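The sequence and the model are shown first.

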Amino acid sequence: MIDSNISLSTITTTPLSYRDRITFEFGVYGTCVVFNLFLCIFFVCRPHLLRTFKPTIFFVTLGTFVLSLPLFFLQFYLVFFLWSLVEPRYSIAVCTFVKCITSCTTSCAQVLPLPVAIYRYFIVVRNRKMPSWFVVVVHAFISVVFFVIATLNFPLGEFETNDQCAILRFSKAMEAVRISLTLGLNLFAVFINVAIYTFVKKYDKRNVDVHRRRVQLTYSMLLQSMIPILVSIPLLVGSFDFYFGYTLPSGFTSRWYASTFLSPFLTPISSMLSLRTIRHELLSVILSSSCFASTRKISNLIKTSKTNVAPQSSDYSSA
């Protein structure tokens, strides 16, 4: 039972019982964030790729990294103190704000493929020239919507018990809106990318080289927009237990839901690996390390065997 005298200024804690769960989450999420940082550095160190993919793949990669940092630092903070056998203490207002904002930034990161899809729809289907900052403006508008949803937990929520905070202010309705909006925007991104892919395959064949690159990039963007949906399926299934009281296996609720934490790495890497230009650059970076010295010789042999193949343009700036 929650005391009726509780207010937003009441002190709450993160119990030690939360330690194992947050440690597992941080292990998965933190690893993905670090890998995402490496992908950002990879682009920055290759200006030709940065210029070409700045409003598409690089925007999603950098945006995912930046928006992942709030949750990353929160998890690090909790893991550090809980393993020091110290239960972090804060007011209910602070704990609620931090939890809602990190949920907000997580959703903002997951819908990053949507501004890119809209941007490419205007360029490819509508044949309009769009500035690269267009994707930033569209995503900023979406982020404001998620931020409003997060703040509405205060006036519309009720005091609830929680794993992360012993007590916090929480609105199940707003959480349902956040999850539904995230899923809906991701599905909309997939729909737009399918429309672009259909247009490119059927109608846009005026230039063979540009057409080839547009098909490749569109397929890459389509795959990228599907990743946030796929990794969120366990979390969506888990919501049935949260909202409707359906009993799920303990192993599922304690482990598989964490697949959503793979999104910071899988979302950008899926599009990068699907493009041969970037895939070859990534492979060269891996093979350049001393750990792959022997593999590098094999790679050189493969490259030598392909010297007679006519090179294909790798400029995707018009795609």
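A residue is termed buried under 20% relative accessible area, exposed over 50%, and partly exposed in between, with a 1.4 Å probe and protein chains only. The model is predicted: local features need pLDDT of at least 70 and side-chain atom pairs count only at pLDDT 80 or more, while totals for chains, interfaces and linings use all residues. Residues are numbered from 1 along each chain as its sequence is written, and side-chain values use heavy atoms, with hydrogens and water left out.

**Overall composition**

The secondary structure of the chain comprises 13 helices and 4 strands; these are DSSP runs numbered from the N terminus, helices being H or I with at least four residues and strands E with at least two. Of the 319 residues in the chain, 45% are buried. The accessible surface comes to about 16700 Å², and carbon and sulfur atoms contribute 68% of that area; the areas come from the Shrake-Rupley method with a 1.4 Å probe, and for residues only the protein chains shown count as cover. Among contacts (heavy atoms within 4.5 Å) with a separation of 6 or more, 77% join residues 24 or more positions apart.

**Helix packing**

Two packed helices are described by the angle between their axes and the distance between the axes. Axes are lines fitted to C-alpha atoms, for helices over the stretch in contact, and angles run from 0 to 180 degrees between N-to-C directions.

| Helix pair | Angle | Axis distance |
|---|---|---|
| H3 (residues 57-83) and H4 (residues 92-110) | about 155 degrees | 8 Å |
| H5 (residues 113-125) and H6 (residues 134-151) | roughly 135 degrees | within 9 Å |

The angle in the second pair makes H5 oblique to H6. By convention, angles under 35 degrees count as roughly parallel, over 145 as roughly antiparallel, 65 to 115 as roughly perpendicular and the rest as oblique. H5 passes H6 in a right-handed crossing, whereas the crossing of H3 and H4 is left-handed. A crossing is left-handed if the near helix is turned anticlockwise from the far one by less than a right angle, and right-handed if clockwise.

On the H3 side, Thr64, Leu67, Pro70, Leu71 and Leu74 meet Val98, Thr102, Thr105, Thr106, Cys108 and Ala109 of H4. This contact of H3 with H4 has 7 nonpolar, 4 polar and no charged residues. In these classes Ala, Val, Leu, Ile, Met, Phe, Trp, Tyr, Cys and Pro count as nonpolar, Asp, Glu, Lys and Arg as charged, and the others, Gly among them, as polar.

H5 and H6 cross in a right-handed manner. Their contact involves Leu114, Pro115, Val116, Ile118, Tyr119 and Phe122 of H5 together with Phe134, Val135, Val138, His139 and Ile142 of H6. By class, the H5 contact with H6 has 10 nonpolar, 1 polar and no charged residues.

**Ile142**

Ile142 lies in helix H6 and is buried, with a relative accessible area of 8%. Not counting residues up to four places away in sequence, Ile142 touches Val111, Leu114, Pro115 and Leu185. Its C-alpha atom is separated by 9.4 Å from that of Leu112, 30 residues apart along the chain.

**Loop residues with positive phi**

Leu85 is placed in the loop between H3 and strand S2 (89-91). Although not a glycine, Leu85 has a positive phi of about 60 degrees, and its relative accessible area of 60% makes it exposed. Asn127, in the loop between H5 and H6, is another residue other than glycine with a positive phi, near 55 degrees. Asn127 counts as exposed at 55% relative accessibility.
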